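Subject: Structure handover

Hello,

Here is the structure I promised you. Please open it first, then read the notes below it.

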Amino acid sequence: MNASYWLTNVRLEQGYDMEDGQVSGTKTKICHLRIENGIIAEIIGTERDIQSETVKYDCKELLMLPSFEEAHIHLDKTYFDGPWKAVKPVSSIFERIEEEKLLLPKLLPMARQQAESILTLIQGYGATHVRTHCNIEPTSGLQRLEATKQALDTFSGKISSEIVAFPQHGLLLSDSVQLVKQSLAEGATHVGGVDPFSVDGNIEKSLQTIVELAVLNNAGIDIHLHDRNEAGKQALMRLVDLTEEAGLQGKVTVSHAFWFAGAQPQEAEEVAKRMGSLGMSVASTVPIGKMTMPLPMLTKNGVAVKLATDSLTDHWSPFGSGDQLDKAGRFAELYGYNDELSLSQAISFITGGITPLDSKGQQVWPKIGDDASFVLLHASCTAEAVARRAARQAVWYQGRLVSGSL
């Protein structure tokens with residue numbers, strides 16, 4: 001597409017319909033948008049003629065939504081794009097790590113190609129940003145980082161990205177500190193970690209090391225925390241303390257954070273308030289069953305909850321579709337977000353917090369000057385898109401059509 005063009009007949013949300021003091025529907029309007037150098041430069045109603053010879057693309061009244069964010073995925077180790085293989089039963093994370101040590105070298109030759117296939121998949125579903133966790137440990141060295149970077153380079157100009165240096169075999173347990181440090185110098189943006197108690201065996205030393213690496217390299221933190229009960233609480237609380245002490249407000253994510261799934265409600269809320277005050281976030285796959293998380297409570301207390309795929313058919317899990325809109329729909333079903341307002345606002349969990357309408361029904365997106373990254377869908381409004389997992393027609397990133405067609 002040209003640097004300047006019009007998208008005509010686009011459905012944009014304008015506000016909420018009200019009935020008996022409650023939101024009963026969503027008002028939309030068909031508009032024309034001018035895109036200029038990757039930015040939304042003009043928005044007009046269809047009652048106005050476009051007085052320009054600039055090229056036009058008819059969007060046929062498709063709904064425009066902000067593009068999606070994949071907050072936690074493992075691009076570098078997967079069975080995706082290969083033969084079907086279910087998970088091998090193991091009795092502990094340590095058995096899985098031993099399996100991985102043997103498996104990773106076999107998967108490495110296909111790592112770049114499979115990562116590119118996953119990126120194509122998730123972009124087709126509407127994602128234009130991805131945070132990927134990349135194995136950094138002695139078995140892999142920095143080879144998986146290199147494969148991940150090569151795959152992301154293939155998508156340069158099509159997707160934005162972050163890479164978490166993830167010591168899957170234990171930062172301390174596998175003596176991976178120097179490898180993580182090196183990976184930060186070679187393109188990783190975040191320091192990762194896994195279960196400071198049950199894997200590394202030393203909550204204080206593990207977390208201190210992670211925080212020191214982040215501070216020294218001006219990096220963020222994104223740590224896998226599966227530990228529950230007292231160990232999970234201690235690790236989480238110490239990470240909260242260190243986040244404040246090190247001045248890492250807004251730069252720390254806890255992936256999974258399963259302690260919350262079994263915590264006492266009052267205690268969980270106190271921790272959530274502290275995390276929210278420090279700008280901490282939680283990345284979650286919306287687990288069900290015994291691991292069901294109090295995600296609405298976290299949100300209410302200021303924690304930025306971001307929904308994610310995690311594994312996409314690998315040796316850890318056979319599940320995961322890569323479809324963030326499906327994840328938002330699962331969230332809505334699990335937590336009873338079944339009315340127009342809550343369904344509409346649920347899109348924020350996959351867009352980095354962006355919604356077309358705020359909770360009061362004021363239009364807040366898109367505005368002139370906004371980045372032209374969006375999805376066109378077959379739906380009448382956001383609520384329908386979330387509830388029905390609406391089909392995606394086309395995806396734009398910074399003014400560029402990157403998936404689908406009109």
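Is the crossing of α6 and α8 left-handed or right-handed? The crossing of α6 and α8 is left-handed; that term applies if the near helix is turned anticlockwise from the far one by less than a right angle, and clockwise would be right-handed.

Some ground rules. This is a predicted model, where local features need pLDDT of at least 70, side-chain atom pairs count only at pLDDT 80 or more, and totals for chains, interfaces and linings use all residues. Residues are numbered from 1 along each chain as its sequence is written, and side-chain values use heavy atoms, with hydrogens and water left out.

**The helix pair**

Helix α6 covers residues 229–245, and helix α8 covers residues 265–277. Helices (H or I, at least four residues) and strands (E, at least two) are DSSP runs, numbered from the N terminus. The axes of α6 and α8 come within 10 Å and cross at roughly 25°. Axes here are lines fitted to C-alpha atoms, for helices over the stretch in contact, with angles from 0 to 180 degrees between N-to-C directions. That angle makes α6 roughly parallel to α8 (the term covers angles under 35 degrees).

From α6, the contact (heavy atoms within 4.5 Å) uses K233, L236, M237, V240, D241 and E244. From α8 come E267, V271, R274 and M275. By class, the contact has five nonpolar residues, five charged and no polar ones. Ala, Val, Leu, Ile, Met, Phe, Trp, Tyr, Cys and Pro count as nonpolar; Asp, Glu, Lys and Arg as charged; the others, Gly among them, as polar.

**The pockets**

A pocket is an open set of points on a 1 Å grid over the protein atoms alone, where a 1.4 Å probe fits, with protein on both sides within 12 Å along at least five of seven lines; lining residues have an atom within 4 Å of a point. Points are joined across faces, edges and corners, and a volume is the space filled by probe spheres set on them.

The largest pocket has a volume of about 850 Å³. Its lining has 31 residues, with T285, D310, S311, W316 and S317 nearest the centre. Helix α10 (residues 324–335) gives the most to that lining, with three residues.

The second largest pocket has a volume of about 220 Å³. It is lined by 15 residues, and S67, T128, T351, I354 and S373 lie nearest its centre.

**Backbone**

W365 and P366 are joined by a cis peptide bond, with omega about -5°. P366 is in the loop between α11 (340–345) and β13 (374–377).

Terms used: Angles under 35 degrees count as roughly parallel, over 145 as roughly antiparallel, 65 to 115 as roughly perpendicular and the rest as oblique.
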